[in-house]
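Good morning, and thank you for joining this meeting. Please look at it first, and I shall then go through its features in turn.

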Amino acid sequence: MRIVMLGAPGSGKGTQAQRLQSDHGLPQVSTGDLLRRAVADKTELGLQAKAAMDAGELVSDRIVLGMIEERVSRPDAANGFVLDGYPRNSTQAEDLEKVLGKLGHGLDAAVLMDVDFEVLMKRLTGRRTCSANGKVLNIYFSPPEELDACRKAGGELEQRADDNEDTIRNRLQVYQRQTAPLIDYYKGRNILKTVAATGEVNEVYSRLTNALGLVLAP
Ligand code: AP5
């Protein structure tokens, strides 16, 4: 399956994409993760992207298109993938269709992770990533044993640079202005699936797999 995860910052796109990857072998392709790696490695591309990311603005379409084209052409993505954070505006949605068209593919589903706006700030300020295994956790919502497991594995609970209140506010505005119009775009292509994304991570996952017609892993 070729899936796009749509949804506001903090709606759980990355969390659910990680689950789809581990249960169904669909590689999670996150432009945010690819960009953060480029920033950490201080590559040319990372240096160009950093200011926009720190401000909560979108990085240029040209930069992310190059990254996506390279990533979805790799052998592990030949049978499907989950795009997490791409596309984010109408130009990117059209670019994606062209890239997939060249590979002879189309999208099977665009999933809107639907969450009340009030929940997002708490999810984002509480988000931490375990440095030992890359797992996305939350100091308010993750079970204490999951947070402890990270520390016991020698990991640190790291906070993303853009998860501060000012940047989050801007990211949410950018989402409303530039990304939310893609909901109608994919509705018009008859592939939009809306998943109620409030509630426990496992409940949301079960709604998501139902919407996609995937069998839940035992
Ligand atoms: P990106 O990394 O894509 O960030 P985002 O879209 O802002 O999305 P998030 O990663 O913040 O949220 P998420 O929906 O994945 O939520 P998560 O699962 O982590 O982009 C960062 C920046 O990179 C952008 O601002 C931009 O500058 C640039 N960029 C990226 N892609 C780009 C593109 N295509 N074009 C241009 N620029 C681009 O969950 C959040 C928290 O909630 C976690 O702590 C999690 O544990 C918790 N949580 C999840 N589900 C639940 C639940 N059901 N109950 C309780 N807690 C939950």
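Let me begin with a term: a residue counts as exposed when its relative accessible area is over 50%, and as buried when that area is under 20%. Please bear in mind that this is a predicted model.

With that cut-off, we may turn to Lys42. Its relative accessibility is 64%, so Lys42 counts as exposed. The residue is found in the loop between α2 and α3. What is the phi of Lys42? The angle is positive, about 55°, although Lys42 is not a glycine. For background, most residues other than glycine have a negative phi.

Asn190 also belongs in this part of the talk. Asn190 has a positive phi of about 60°, and it is not a glycine. Its place is in the loop between α9 and β8. Asn190 counts as exposed because its relative accessibility is 70%.

The peptide bond leading from Tyr86 to Pro87 is cis, with omega near 0°. In general, most peptide bonds are trans.

Let us now consider the protein as a whole. Its secondary structure comes to 10 helices and 8 strands. The radius of gyration is 17 Å, close to the 17 Å given by the globule rule for 218 residues, so the protein is as compact as a globular protein of that length. Along the principal axes, the C-alpha trace spans about 45 × 45 × 35 Å. Buried residues make up 45% of the 218 residues.

I turn next to the charges. There are 28 positive and 30 negative side chains, and the centres of the two sets lie 1 Å apart. How many salt bridges are found in the whole structure? The search finds 16.

One of them joins Asp148 and Arg151, at 3.2 Å from N to O. These two residues are 3 apart in helix α7, and therefore separated by about one helical turn. Another salt bridge joins Arg169 and Glu165, at 3.1 Å. Here the residues are 4 apart in helix α8, again about one helical turn.

Finally, Asp162 and Arg160 meet in a salt bridge of 3.0 Å. Asp162 is buried, with a relative accessible area of 12%. Both residues belong to a network of salt bridges that also links Arg127, Asp163 and Arg171.

Thank you for your attention.

Note on methods
Residues are numbered from 1 along each chain as its sequence is written. This is a predicted model: local features need pLDDT of at least 70, side-chain atom pairs count only at pLDDT 80 or more; totals for chains, interfaces and linings use all residues. Side-chain values use heavy atoms; hydrogens and water are left out. Buried means under 20% relative accessible area, exposed over 50%, partly exposed in between (1.4 Å probe, protein chains only). The radius of gyration is taken over C-alpha atoms; the globule rule is 2.2 Å times the number of residues to the power 0.38. Lys and Arg count as positive and Asp and Glu as negative; His and the chain ends are not counted. The place of a charge is taken as NZ of Lys, CZ of Arg, CG of Asp or CD of Glu. A salt bridge is a side-chain nitrogen of Lys or Arg within 4 Å of a carboxyl oxygen of Asp or Glu.
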